[in-house]
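Student: Could you walk me through this structure with a few questions and answers? I have not seen it before.

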Amino acid sequence: MSDASQSPALLEATDLVKHFPVRTGMLDRGPKEVVHAVDGVSLAVRPGETLGVVGESGCGKSTLGRLLVRLHDPTSGSIVFDGTDITTLSRRQLRPFRRQMQMIFQDPYASLNPRKRVVQLVGDPFRIHGEGSAAEVRRRVQGLLEVVGLSPDHINRYPHEFSGGQRQRIGVARALALSPKLIVADEPVSALDVSIQAQVVNLLDDLQDEFGLTYVFIAHDLGVVRHVSDRIMVMYLGAVVEIASADTLYANPIHPYTDALLSAMPVIDTGDDLEGTVRRSRIVLEGEVPSPINPPTGCRFHPRCRYATEVCSAERPQLVPYGDGHFAACHHPLGGASPMGATEGTTASEEGA
Amino acid sequence: MRDEIATSPLLEIRDLRISFRTEHGLARAVDGLSLSIEAGEAVGIVGESGSGKTISMLAVMRLIRDPNAVIEGQVLHRGRDLMQLPEREMQAVRGGDIAMIFQDPMTALTPVYTVGWQIAEQLRAHEPLSKRQARVRAVSLLAEVGIPNPERRVDEYPHQFSGGMRQRAMIAMALSCNPSLLIADEPTTALDVTVQAQILELMRRLRRDHGSSVLLITHDMGAVGELAERVVVMYAGRVVEEGPKEAIFRDPQHPYTWGLLGSIPRVDRARVRRLAAIPGSPPSLLDLREGCRFEPRCGYRFERCATRPELLERVAPGRRDACHLDPSVRPALRRAALDGENAQASA
Amino acid sequence: MLRFVIKRFLSMIFVLFSISLLVFLIFFATPGVDPAARIAGRNADQATLAAVRKDFGLDRPWPFQYAVMMKKLFVTRDLTSFVNRGAKVVPQVLEAAPVTLSLVFGAAIVWVVVSILMGLLAAVFRGSPLDVSLMILGLIGISMPVFWLGEVVNLLSQSRLHDTVLFSWVPPLGYIPFTESPFGWFKALVLPWLTLSVLYIGIYARVLRSSLIESQEQDYVRTARAKGITEREVMLRHSLRTSMIAYVSLFGLDFGALVGGAALLTEVVFGLHGVGKLTYDSLQNLDLPVIMACVMYAAFFVVFVNAIVDVFYAWLDPRVRYA
């Protein structure tokens with residue numbers, strides 16, 4: 001958590017689309033089906049800030065994370081990193097950029113090669129980019145292990161000798177190896193016990209302060225996302241429904257889906273009525289998230305929305321600004337909020353006014 | 001519910017101890033769990049990995065088949081000790097009077113049989129029904145848990161259901177024989193948050209309609225808050241604290257509970273600067289000390305902690321905790337633990 | 001399910017066509033090889049070669065040659081073997097086929113039944129002396145080469161112990177067609193069935209056992225137990241059914257190969273003139289038309305059996321049907 005500066009965006013994505021073809025058998029006829037994993041997402045992340053991306057299954061947040069670091073190739077749209085358009089760069093051209101953007105994955109048991117020792121796992125980035133002799137790499141790996149709170153003596157151990165939380169720390173150390181500017185963390189704490197989650201979250205926080213990192217933090221746990229993020233983006237079925245600063249999103253959601261999502265969180269009543277306590281009434285959504293192969297027409301949320309009207313099924317709402325960096329895509333914004341008239345139709349990347 | 005005079009309590013676990021013989025020694029998974037649950041009550045057992053919460057419930061159901069397991073203690077239910085029952089009689093209890101649902105609905109149903117068939121299997125194991133009668137019951141059960149088009153869905157396979165639907169189907173199956181006790185092992189953990197809310201709502205409603213007791217095993221304090229009346233907190237195989245839910249949330253007595261509550265980022269109030277994380281990790285089950293098992297990670301340990309703290313009522317009737325700290329100093333320590341490090345975050 | 005079956009059979013036809021084309025190209029279109037010489041045999045004179053060329057249309061473009069070959073094989077069925085002095089090929093194959101099929105189907109029934117029993121017993125009594133001995137027995141079965149075992153069986157049943165009550169019923173080596181004498185057919189095949197299946201029993205019992213043991217750790221088995229059904233019902237209804245999936249796919253591969261002629265050694269040892277033996281003999285003589293016919297036959301049966309197994313697999317595992 002740190003103040004988002006007013007400098008130009010470190011990472012900017014415009015109208016990102018990723019469709020995965022659904023493979024049918026050789027003898028099937030008919031139109032090809034696609035999974036609309038990400039369907040027109042635009043975002044901008046400033047240096048030093050943490051953008052949280054939150055949503056449920058099928059919303060496309062994981063795919064988005066991989067698109068941002070070009071682990072997937074976008075079907076259309078553009079990605080600009082630190083001023084350079086990296087959307088269509090070849091793998092060789094992409095290499096120097098890969099040093100600057102790294103990813104942390106969800107499953108600490110699957111994302112580390114069980115046959116490699118820690119020194120190789122964390123040291124590989126150096127080797128791949130041709131940096132440093134073996135002895136130097138070793139030294140740097142030891143340094144990184146210390147930074148993430150692990151003992152440098154464990155440099156020759158295998159992943160299975162560590163606990164889940166420690167493995168996740170190894171993943172973080174690996175991501176930090178080449179001093180990246182941006183880290184995309186895809187559900188980095190979901191597979192961990194609650195008390196270990198807190199440790200890793202604190203670690204990520206400290207590292208951000210120490211190294212000036214920028215994070216895109218993808219998660220489904222609203223509490224964790226709110227804690228770590230400066231700004232939060234809510235996704236539903238491949239589209240962005242709302243973007244706002246963390247506090248504003250939780251205090252004054254505009255989109256009905258955000259509202260339902262927030263209200264679905266169980267409340268732990270510890271009895272203290274501290275300042276800023278918000279009590280919500282529970283909105284239980286009907287039905288389930290539809291398949292991303294056949295998303296609903298118009299606003300994707302309309303079949304489950306209690307405020308839906310004709311226009312919601314006919315026309316897909318645009319993401320419009322509501323002031324103070326708060327954007328939402330809805331025909332019937334909550335609380336009677338009204339978009340800033342003059343700037344209607346602008347995209348999210350023009351925020352900062 | 002069975003038409004018998006319910007003896008109170010409905011289920012009483014007495015000093016349950018579970019260990020596993022491994023090549024590295026004896027792993028003590030559960031060390032003296034004592035717990036009772038009344039008819040119609042909802043109890044939440046909270047703990048993290050290694051707390052022993054799941055394994056103790058598997059032991060209650062006699063579902064542990066590991067030949068290296070050593071299980072001691074008593075589980076009293078309707079005047080009988082379930083640990084001593086012959087397997088045949090235990091089969092009548094399982095699924096009949098005490099039912100259990102599991103965590104991952106994706107893998108918890110057999111992929112090669114239809115959902116209706118699997119529900120019917122449970123029904124016919126406990127009641128003399130024909131296939132057709134069982135199918136009719138299965139359809140109405142699916143309808144009761146809110147699955148649309150139950151007549152069609154009953155002939156579909158588990159992989160054709162979504163996660164939330166599968167969990168509902170599992171709940172339907174578990175409740176099919178009207179058990180007096182439902183044990184739910186992390187029923188909502190693998191589900192999306194909006195689906196979680198639906199399932200918890202469903203479980204609340206079914207509890208009301210069927211009057212069954214619920215033992216909810218979870219690491220999610222939030223789920224506990226939604227469903228349970230009484231909470232039991234476990235750590236490394238032992239109960240560290242138990243009591244009514246509001247009391248545990250508002251006035252927790254054990255440093256582990258403080259740590260647990262402090263680790264959870266809260267949505268309903270202003271953000272904190274830093275999560276009050278518990279340092280270190282849970283102990284290996286092979287290497288357990290006799291004294292307080294939380295001691296290595298506890299910021300308030302002192303010499304007495306080398307001896308095992310008894311689970312006793314120290315602050316109020318109905319509330320037990322296993323901590324040597326003097327009850328009078330606890331509130332201040334708790335406040336410091338939960339709020340001290342956290343100045344309100346600047347917006 | 002029906003859609004799946006139809007799709008599977010359509011793709012089977014496509015595969016068969018591709019195989020026939022490929023086999024044809026290998027034999028007729030390999031550069032540097034004169035197919036006429038191949039067909040006519042080793043010491044053919046010019047006149048024979050010319051006749052062959054005309055007969056098979058070897059001076060015409062290859063699609064025409066392909067059509068001619070297919071006509072000779074399937075339509076007019078008058079493909080002749082020059083090496084064998086004009087013996088018709090297709091009848092040879094058709095005569096050999098029932099022998100192989102009888103041998104292989106019978107052996108398959110034996111091995112499936114016995115291996116399932118063995119695998120189940122071993123898994124249910126895992127770790128017990130019964131389990132250990134069953135697995136050792138299976139291992140012995142795998143280790144004995146079929147030709148050796150066959151010869152030993154012959155030694156005992158045909159000569160050494162032939163006069164004892166144990167083996168006096170065994171007919172001399174060879175195949176007795178079912179149409180001639182059902183009982184004779186059966187008696188002639190009993191020992192070959194048992195011999196051929198020994199190897200497979202060992203393999204499949206082990207496969208099933210490990211599959212069953214693995215399934216016992218699965219979540220759905222735990223759920224099944226929690227429902228209060230008996231352990232036997234858990235094992236048979238839940239574990240076995242899902243374990244059969246791996247078993248069946250393995251079976252499809254082995255059975256298909258056997259049907260196609262891989263039981264050669266058994267056929268030779270027991271004097272059964274099946275397709276395996278026919279292929280072997282024709283390879284020795286470099287009798288091209290026979291080789292081609294055998295290859296086509298083998299390919300057809302392998303693909304056909306695999307298609308059947310796939311359909312069965314889809315019946316077993318509903319998740320596959322909609323893929």
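Student: In what order do the strands of the four-stranded open sheet of chain A come?

Tutor: This is a predicted model, where local features need pLDDT of at least 70, side-chain atom pairs count only at pLDDT 80 or more, and totals for chains, interfaces and linings use all residues. Residues are numbered from 1 along each chain as its sequence is written, while chains are lettered from A and ligands numbered from 1 in the order in which they are written. Strands (E, at least two residues) and helices (H or I, at least four) are DSSP runs numbered from the N terminus, and two strands pair if DSSP finds at least two bridges between them. In this open sheet the pairing is antiparallel, and the order is β2-β1-β4-β5.

Student: Which strands of chain A are the edges of that sheet?

Tutor: An edge strand here pairs on one side only.

Student: How many bridges hold β1 and β2 of chain A together?

Tutor: Strands of a sheet pair through backbone hydrogen bonds, either parallel or antiparallel. Within this pair, A:Leu11 has A:Val45 of β2(A) as its bridge partner. Strand β1 (residues 11–21) of chain A runs antiparallel to β2(A), and the number of bridges is nine.

Student: Which residue of β4(A) is the bridge partner of A:Leu11?

Tutor: β1(A) and β4(A) are antiparallel and joined by five bridges. In β4(A), the partner of A:Leu11 is A:Phe81.

Student: Which residue in the turn between β4(A) and β5(A) has a positive phi?

Tutor: Two bridges join these antiparallel strands, and A:Val80 stands opposite A:Asp85 of β5(A). The strands form a hairpin with two residues between them. In that turn, the residue with a positive phi, of about 50°, is A:Asp82.

Student: What angle does helix α1 of chain A make with β1(A)?

Tutor: Two residues are in contact if their C-beta atoms, placed from the backbone, lie within 7 Å. Helix α1 (residues 61–68) of chain A packs on the sheet, touching β1, β2 and β4 (76–81) of chain A. Axes are lines fitted to C-alpha atoms, for helices over the stretch in contact, and angles run from 0 to 180 degrees between N-to-C directions. The angle between α1 and β1 of chain A is about 120°.

Student: Which helix of chain A gives the most residues to the side that touches chain B?

Tutor: In this interface, 44 residues of chain A are in contact with 39 residues of chain B. Helices α6 (194–211), α7 (222–228), α8 (246–251) and α9 (256–264) of chain A each supply at least two residues of that side of chain A. The most, nine residues, come from α6(A).

Student: Which residues have the most contacts inside the largest nonpolar core?

Tutor: A residue is buried if 20 or more other C-beta atoms, placed from the backbone, lie within 10 Å of its own, exposed if 12 or fewer, and partly exposed in between. A nonpolar core is a set of buried Ala, Val, Leu, Ile, Met, Phe, Trp, Tyr and Cys residues joined through C-beta atoms within 7 Å. The largest has 206 residues, and those with the most contacts inside it are A:Val241, B:Leu215 and B:Leu216.

Student: Which helix supplies the largest share of this core?

Tutor: B:Leu215, for one, touches B:Ile37, B:Val43 and B:Leu181, among others. The largest share of the core is eight residues, from helix α6 (residues 163–175) of chain B.

Student: Is B:Ser51 buried or exposed?

Tutor: B:Ser51 is found in the loop between β3 (42–46) and α1 (53–60) of chain B. Beyond four places in sequence, its contacts are B:Met234, B:Tyr235 and B:Ala236. Because B:Ser51 has 26 C-beta neighbours inside 10 Å, it counts as buried.

Student: What is the phi of B:Ala236?

Tutor: B:Ala236 lies in the loop between β9 (230–235) and β10 (238–244) of chain B, and it is buried because it has 24 C-beta neighbours inside 10 Å. Most residues other than glycine have a negative phi. B:Ala236 is not a glycine, yet its phi is positive, at about 50°.

Student: And where in chain B does pLDDT stay under 50?

Tutor: pLDDT is the predictor's confidence in each residue, from 0 to 100. Chain B averages 88, and 95% of its residues score at least 70. The stretch under 50 is residues 343–347.
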